Amino acid sequence: MSKNDNVDKIKSYIDDILGTKSSLRDKLSSKKSKEKELFCEILQNLQFVNSRTMGMKHDFKINMMDYDDPFYIALENMFKLHYTQEQRNVINWWLYDKFLPTGETLVLTDKETEEIIPSETPEDVWGLIQEHEKKNTK
């Protein structure tokens, strides 16, 4: 049974319950899901630019850091407007420290349980900074 068949079946059940014709549509994106999508895109792009800068320095002995610094400062200041110091620490760790030039990656571990905390993707980082936000609003 295809997804459309399932949707049609659900729609007919709703029509029967309500006793009238109804229509279904995809869920509208919430502000939080749009924010998450934008955040993840920003982190992916920052990671790419940082890798490119480091590659230029390593492979071609061209130091683009002085050129890129004003852009990074502007972005960091924008992060200051929206995120706490603790959240920015997680973001900066992921961007600049997690992925080592050797190809190895650092991991986060829970101090109490010693379990590895997922931090591989921008989505994982988003989840971590949302946890920090919940802690700070309690």
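Okay, ground rules. The model is predicted, so local features need pLDDT of at least 70 and side-chain atom pairs count only at pLDDT 80 or more, while totals for chains, interfaces and linings use all residues. Residues are numbered from 1 along each chain as its sequence is written, and side-chain values use heavy atoms, with hydrogens and water left out.

Let's start with the fold. We have five helices and two strands, and along the sequence they run α-α-α-α-β-β-α.

Now the overall dimensions. The radius of gyration is 22 Å, whereas a compact globule of 138 residues would be near 14 Å. That radius is taken over C-alpha atoms, and the globule rule is 2.2 Å times the number of residues to the power 0.38. The C-alpha trace spans about 70 × 40 × 30 Å along the principal axes.

As for burial, 21% of the 138 residues are buried. Buried here means under 20% relative accessible area, exposed means over 50%, and partly exposed is in between, with a 1.4 Å probe and protein chains only. The accessible surface is about 10900 Å², and carbon and sulfur atoms own 56% of that; the areas come from Shrake-Rupley with a 1.4 Å probe, and for residues only the protein chains shown count as cover. On contacts, meaning heavy atoms within 4.5 Å, take the ones with a separation of 6 or more: 50% of them are between residues 24 or more positions apart.

Next up, helix H4. Its buried residues are Gln87, Arg88, Val90, Ile91, Trp93, Trp94 and Leu95. And what covers them? The cover includes helix H2 (31-60), helix H3 (65-82), strand S1 (108-109) and H5. Asn89 is in H4 too, which covers residues 85-97, but Asn89 is partly exposed at 42% relative accessibility.

Ser119 is in the loop between strand S2 (116-117) and helix H5 (122-137). Is Ser119 buried or exposed? Buried, at a relative accessible area of 1%. The Ser119 side chain makes a polar contact of 3.2 Å with that of Lys98. By polar contact I mean a pair of N or O atoms within 3.5 Å; within protein, one has to be able to donate a hydrogen and the other to accept it, and residues adjacent in sequence count only if both atoms are side-chain atoms. Ignoring neighbours within four places in sequence, Ser119 also contacts residues including Trp93, Trp94 and Leu128.

The other one is Thr53, in helix H2. Thr53 is buried at 4%, and its side chain has a polar contact of 2.5 Å with the side chain of Asp68. Residues up to four places away aside, Thr53 touches Met64, Met65, Asp68 and Tyr72.

Last thing, backbone angles. Most residues other than glycine have a negative phi. Lys61, not a glycine, has a positive phi of about 55 degrees; it lies in the loop between H2 and H3 and is exposed at 69%. Glu114, also not a glycine, has a positive phi of about 60 degrees. Glu114 is in the loop between S1 and S2, and it is exposed at 65%.

Conventions:
Helices (H or I, at least four residues) and strands (E, at least two) are DSSP runs, numbered from the N terminus.
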